[in-house]
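Dear colleague,

Please find below the structure that I am handing over to you. A summary of the findings follows it.

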Amino acid sequence: MNGLCKILIYPTLVAVLLPGGFAFSQDHHDNHAYVRHDEWKHGYKMHQEDWNRGEKVDYRHYHLQEPPRGYEWREVDGNYVLAAIATGVIASTIIASQAH
């Protein structure tokens, strides 16, 4: 590749790739904005994609009850959800802003 091609192609690649990377980093933090999920109640089985979007949280840091064996707390859409890891069945939900 000659010098002129490098001068023209590299800045174009950078311009194309940077906005995409920036958007991805913003999407990663979107699950902290509160979204009301009336169906997320004790006994409801969460959809796998909702569970996978969630981030595991340290219950001690957020003053949540210790999860029973086989359960974990996840923050999904601004909610703390305590659910069974294997099945996704919900034991408890708390709006994240109310737990602080």
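**Strands and their neighbours**

In the sheet, Trp73 stands opposite Leu82, a residue of strand E3. Strands here are DSSP runs of at least two residues (E) and helices are runs of at least four (H or I), both numbered from the N terminus. Please note that this is a predicted model, in which local features need pLDDT of at least 70 and side-chain atom pairs count only at pLDDT 80 or more, while totals for chains, interfaces and linings use all residues. Residues are numbered from 1 along each chain as its sequence is written, and side-chain values use heavy atoms, with hydrogens and water left out.

**The chain as a whole**

The chain holds two helices and four strands, which follow one another from the N terminus as α-α-β-β-β-β. Of its 100 residues, 27% are buried, where buried means under 20% relative accessible area, exposed means over 50%, and partly exposed lies in between (1.4 Å probe, protein chains only). The chain exposes about 7100 Å², and 59% of this comes from carbon and sulfur atoms; the areas come from the Shrake-Rupley method with a 1.4 Å probe, and for residues only the protein chains shown count as cover. Among contacts (heavy atoms within 4.5 Å) with a separation of 6 or more, 38% join residues 24 or more positions apart.

**The sheet**

The four strands form an open sheet in the order E1-E2-E3-E4, with antiparallel pairing; two strands pair if DSSP finds at least two bridges between them. Its edges are strand E1 (55–56) and strand E4 (90–95), each of which pairs on one side only.

E2 and E3 are joined by six bridges in the antiparallel sense. Their hairpin has two residues between the strands, and Asp77 there takes a positive phi near 55°. E3 (residues 79–84) also pairs with E4, again in the antiparallel sense, over five bridges. In this pairing Asn79 stands opposite Ile95, and Tyr80 stands opposite Ile94. The hairpin of E3 and E4 has five residues between the strands, with Gly88 in the turn at a positive phi of about 80°.

How many residues of E3 are buried? Six of its six residues are, and the strand is mostly covered. In a regular strand, side chains alternate between the two faces of the sheet. Asn79, Val81 and Ala83 point one way from E3, Tyr80, Leu82 and Ala84 point the other way, and all are buried.

Tyr80, with a relative accessible area of 1%, also belongs to the one aromatic pair found in a search of the whole structure. Its partner is Tyr62, and the pair is tilted, at 5.1 Å centre to centre and 45° between the planes. Rings of Phe, Tyr and Trp (its six-membered ring) pair if their centres lie within 6.5 Å; planes under 30 degrees apart count as stacked, over 60 as edge-to-face and the rest as tilted. Because Tyr62 lies in the loop between E1 and strand E2 (71–76) and Tyr80 in E3, the pair ties together parts that are 18 residues apart in sequence.

**His37**

His37 is found in the loop between helix H1 (3–28) and helix H2 (48–53). This histidine is buried, with a relative accessible area of 18%. Leaving aside neighbours within four places in sequence, His37 is in contact with Asp77 and Asn79.

With kind regards
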